[in-house]
Amino acid sequence: MTDIPETFLLERAKRGDKEAFQEILRTNENLVYGFAFKVCRNEEYAKETLQDTFISVFRKLNQFDGRSKFSTWLYSIVAKNCLMKRRRGKLEQSSVPIGEPVMPEHTHEDAASTTLPAWKNTPLDETISSELRQIMDEAIQKLPVDYRLVFILRDVEGQSAEETAKITELSIPAVKSRLRRARVFLREQLQEYMTT
Amino acid sequence: MKRDPHIRCRKAFRFICNNLDEDIDSPQCREVRNHLDGCENCKIYLDNLKETIALYRKYPTPTLSRDAHTKLLKILKI
C-alpha cells in the first residue's frame, strides 16, 4: 500500500475505509509521536498526545479540505493537544518567563580584550552524552510550550515560517519573535556545559 | 559620507538571531558578514547558536513501539 498517493488514501478514509485509515496512521504515526516527544520530552505524554491526535484525525478527517499539506494539519492537531496538556499543568512545571534576548557581554570595541569562550567540539556524527541530553531536556523544559512549539517546528522539524504560523495560529512576526527568543535562551542554557 | 564597514555588535546580534537559517544576500546581510569577518565574539556567538540548533536536531527521537501501535489501533477500533 506504500505507493498509493496520500490524497487517494485520504479520500478513501473519508468514505470510511478503515484499511486506508490504517495506512494513513502507519505512515504518519512516527511523525506525530516524534514531534509530540520533542515538545513534551516525556514518552508517556507523547503516547497520550499521539492517541489524542489520531482520535481527532479519525473524527474530523472530513474537515480536512486539502488546502494545506496533510502534515501541516497533523502538526496543528499535535500543537493544540500539547497546549491542552499545558493547560492541565502537565508540561510547564519548570518553565520560566522568556524576555527580549539580551546581547552577550561584549562590544566590537572591546572585542580584543573580551572574547567569548568557544564551545567544546561536538562532531555531528558523535552520540550526545547522557549528561548533555539531560541539560538539553532541562533547558527546553524551561521554555513555555508556545516557544517550544515554534523552535521545534522551525529549527528541528524544518517547517517554514509560514507553515509554523499556520500550525501555531500565530502571525509570522510572532513566530519570528518567539524563535529568536527561544534560540538565544537555549544557547544560554547550554553555555556553561559547552565551555567547561 | 563613507559608511562604517563594521556595523556594531548589537545590530549584528539582532540580525543573526532573526535570520540564522536564511541564506540571503541583502545589503544588510553582506554588512553583517563583513562585521563577522572582523569580530571574533560575534562569530563565536553565531557558531554557538548554530551548534545549539544542530544539537537539538541530533537529539535521538524514540520510535513508536509495536505494542503502542497495536494499542492505538484498538483504541480507534480499526
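Two residues are in contact if their C-beta atoms, placed from the backbone, lie within 7 Å. The legends below use that criterion throughout.

This is a predicted model, in which local features need pLDDT of at least 70, side-chain atom pairs count only at pLDDT 80 or more, and totals for chains, interfaces and linings use all residues. Residues are numbered from 1 along each chain as its sequence is written, while chains are lettered from A and ligands numbered from 1 in the order in which they are written.

**Figure 1. The side of chain A that touches chain B.** The contact takes 43 residues from chain A and 35 residues from chain B. On chain A, helices α2, α3 (43–60), α5 (130–141), α6 and α8 each supply at least two residues of this side. Helices here are DSSP runs (H or I, at least four residues), as are strands (E, at least two), numbered from the N terminus. The largest share comes from α2(A), with ten residues. By class, the side of chain A that touches chain B holds 22 nonpolar, ten polar and eleven charged residues. Ala, Val, Leu, Ile, Met, Phe, Trp, Tyr, Cys and Pro count as nonpolar, Asp, Glu, Lys and Arg as charged, and the others, Gly among them, as polar.

**Figure 2. Chain A as a whole.** The secondary structure comes to eight helices and zero strands. Along the sequence, the pattern is α-α-α-α-α-α-α-α. The C-alpha atoms of chain A fill a box of roughly 70 × 35 × 35 Å, taken along the principal axes. Of the 196 residues in chain A, 32% are buried. A residue is buried if 20 or more other C-beta atoms lie within 10 Å of its own, exposed if 12 or fewer, and partly exposed in between, with C-beta atoms placed from the backbone. Among contacts in chain A with a separation of 6 or more, 65% join residues 24 or more positions apart.

Figure 3. Chain A is divided into domain 1 (6–87) and domain 2 (108–195). These bounds come from an automatic or database domain assignment. The domain centres, taken over C-alpha atoms, are 26 Å apart. Twelve residues from domain 1 and 14 residues from domain 2 make the contact. Helices α2 and α4 (70–87) of chain A each supply at least two residues of the domain 1 side. The largest share of that side, seven residues, comes from α4(A). The domain 1 side has six nonpolar, three polar and three charged residues.

**Figure 4. The largest nonpolar core.** A nonpolar core is a set of buried Ala, Val, Leu, Ile, Met, Phe, Trp, Tyr and Cys residues joined through C-beta atoms within 7 Å. The largest one has 54 residues, and those touching the most other members are A36(A), V39(A), V78(A), C82(A), L149(A), V150(A) and A182(A). Helix α2 (residues 18–40) of chain A gives the most to this core, with eleven residues. Domain 1 and domain 2 of chain A each contribute at least three residues. Leaving aside neighbours within four places in sequence, V39(A) is in contact with C82(A), V145(A), R148(A), L149(A) and I152(A).

**Figure 5. Helix α6 against helix α8 in chain A.** Helix α6 (residues 145–156) and helix α8 (residues 172–195) of chain A pack at an angle of about 90 degrees, with their axes 9 Å apart. Axes are lines fitted to C-alpha atoms, for helices over the stretch in contact, and angles run from 0 to 180 degrees between N-to-C directions. α6(A) and α8(A) are therefore roughly perpendicular to each other (65 to 115 degrees). From α6(A), the contact uses D146(A), Y147(A), V150(A), F151(A) and R154(A). From α8(A) come V175(A), R178(A), L179(A), R181(A), A182(A) and R183(A). These residues divide into six nonpolar, no polar and five charged.

Figure 6. Most residues other than glycine have a negative phi. R41(A) has a positive phi, near 55 degrees. R41(A) is found in the loop between α2 and α3 of chain A. With 16 C-beta neighbours inside 10 Å, R41(A) counts as partly exposed. E169(A) also has a positive phi, near 60 degrees. The loop between α7 (161–168) and α8 of chain A holds E169(A). E169(A) is exposed, with 11 other C-beta atoms within 10 Å. L170(A) lies in the loop between α7 and α8 of chain A. L170(A) is partly exposed, with 18 other C-beta atoms within 10 Å. Not counting residues up to four places away in sequence, L170(A) touches A165(A) and V175(A). L170(A) and V150(A) are 20 residues apart in sequence and 9.6 Å apart in space, C-alpha to C-alpha.

Definitions and conventions: Angles under 35 degrees count as roughly parallel, over 145 as roughly antiparallel, 65 to 115 as roughly perpendicular and the rest as oblique.
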